[in-house]
Amino acid sequence: MNLKNKTRRISDALEKLYGIPERKADENVLDCLIRTVLSQNTNDVNRDKGFTALQERFPTWEEAQKADVEEIGEAIRIAGLHVQKSRTIKNFLTWLKANHGELDLEFICEMETADAIQYLCQHKGIGIKTASVTLTFACGHEVFPVDTHVLRISRRLGLVPSNCTAEKAHEVMAQIVPAGKSLPFHMNLITFGRGICHARNPACHECAFTAHCLYFKAAKP
């Protein structure tokens, strides 16, 4: 079975398990990007608490852009890595203001996906995952984001090489994810990763994909 067919079968099976997730109503693009920055190495609850605290402390992005990086860091402390993330946020807002003239990122939705990714990733602290999530969820672009759950499962199921980096996985998965399925497949893999295919002690007895799973085969006595 080639990788495209294998990926389609897994995508179809996940949709039978979890349904077909849909993109929510259009989200402010800059909000989405900064929320995604906050999501790095933390859970959704702390990400959202950090984002809410940031908005309460700075009701507009203009206020955040003018603030000291330490003030931003204190506001987002609960999201973890607050020193690193506050620098990324402060620097990105300053960069966007200087390059675009205003703190508005809606224009990237009109760009070609590859151009938009390149535009965002030229800024230090904004990687391919953050750019891909922003374009997928805020703009509705057909692009497949690879986060920690997706990378782990893709390696285990042999969709990408076992030593594949997250950055390389974006390239590989873009070639094999079924057309129109980037968002639902991404979301369903995350649900599957949180519920069954855990990083440690995965619930293999509940898994429908053990026939494809390199982890399961290696763990068998």
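**A histidine, its helices and the pockets**

Student: Leaving aside neighbours within four places in sequence, which residues is His-141 in contact with?

Tutor: With those neighbours set aside, His-141 touches Ile-108, Cys-109, Met-111, Glu-112, Thr-113, Leu-135 and Thr-136, where contact means heavy atoms within 4.5 Å. This is a predicted model, in which local features need pLDDT of at least 70 and side-chain atom pairs count only at pLDDT 80 or more, while totals for chains, interfaces and linings use all residues. Residues are numbered from 1 along each chain as its sequence is written, and side-chain values use heavy atoms, with hydrogens and water left out.

Student: Where does His-141 lie, and why does His-141 count as buried?

Tutor: His-141 sits in the loop between α8 and α9, helices here being DSSP runs of H or I with at least four residues, numbered from the N terminus. His-141 counts as buried because its relative accessibility is 13%, and buried means under 20% relative accessible area with a 1.4 Å probe and protein chains only.

Student: Changing topic, at what angle do α9 and α11 pack?

Tutor: Helix α9 (residues 148–156) and helix α11 (residues 182–195) pack at an angle of about 80°, with their axes 9 Å apart. The angle therefore makes α9 roughly perpendicular to α11, a label used for 65 to 115 degrees. The axes are lines fitted to C-alpha atoms over the stretch in contact, and angles run from 0 to 180 degrees between N-to-C directions.

Student: Which residues meet there?

Tutor: From α9, His-149, Val-150, Arg-152 and Ile-153 meet His-186, Leu-189, Ile-190, Phe-192, Gly-193 and Arg-194 of α11. The residues of this contact divide into five nonpolar, three polar and two charged, where Ala, Val, Leu, Ile, Met, Phe, Trp, Tyr, Cys and Pro count as nonpolar, Asp, Glu, Lys and Arg as charged, and the others, Gly among them, as polar.

Student: And the largest pocket, what lines it?

Tutor: The largest pocket has about 1,100 Å³ of space and is lined by 36 residues, with Ser-39, Asp-44, Arg-47, Val-133 and Ile-190 nearest its centre. On a 1 Å grid over the protein atoms alone, a pocket is an open set of points with protein on both sides within 12 Å along at least five of seven lines, a cavity is a set where a 1.4 Å probe fits but cannot get out, and lining residues have an atom within 4 Å of a point. Its lining divides into 13 nonpolar, 13 polar and 10 charged residues, and α2, α3, α8, α9, α10 and α11 each supply at least two of the lining residues.

Student: Which helix gives the most to the lining of the second largest pocket?

Tutor: That is α10, with four residues, while α7 and α8, like α10, each supply at least two.

Student: How many cavities of 30 Å³ or more are there?

Tutor: The structure holds one, and among the 14 residues lining this largest cavity, Cys-197, Pro-202, Cys-204, Cys-207 and Cys-213 are the closest to its centre. The lining of the cavity divides into 12 nonpolar residues, one polar and one charged.

Methods:
Angles under 35 degrees count as roughly parallel, over 145 as roughly antiparallel, 65 to 115 as roughly perpendicular and the rest as oblique. Grid points are joined across faces, edges and corners, and a volume is the space filled by probe spheres set on the points. Buried means under 20% relative accessible area, exposed over 50%, partly exposed in between (1.4 Å probe, protein chains only).
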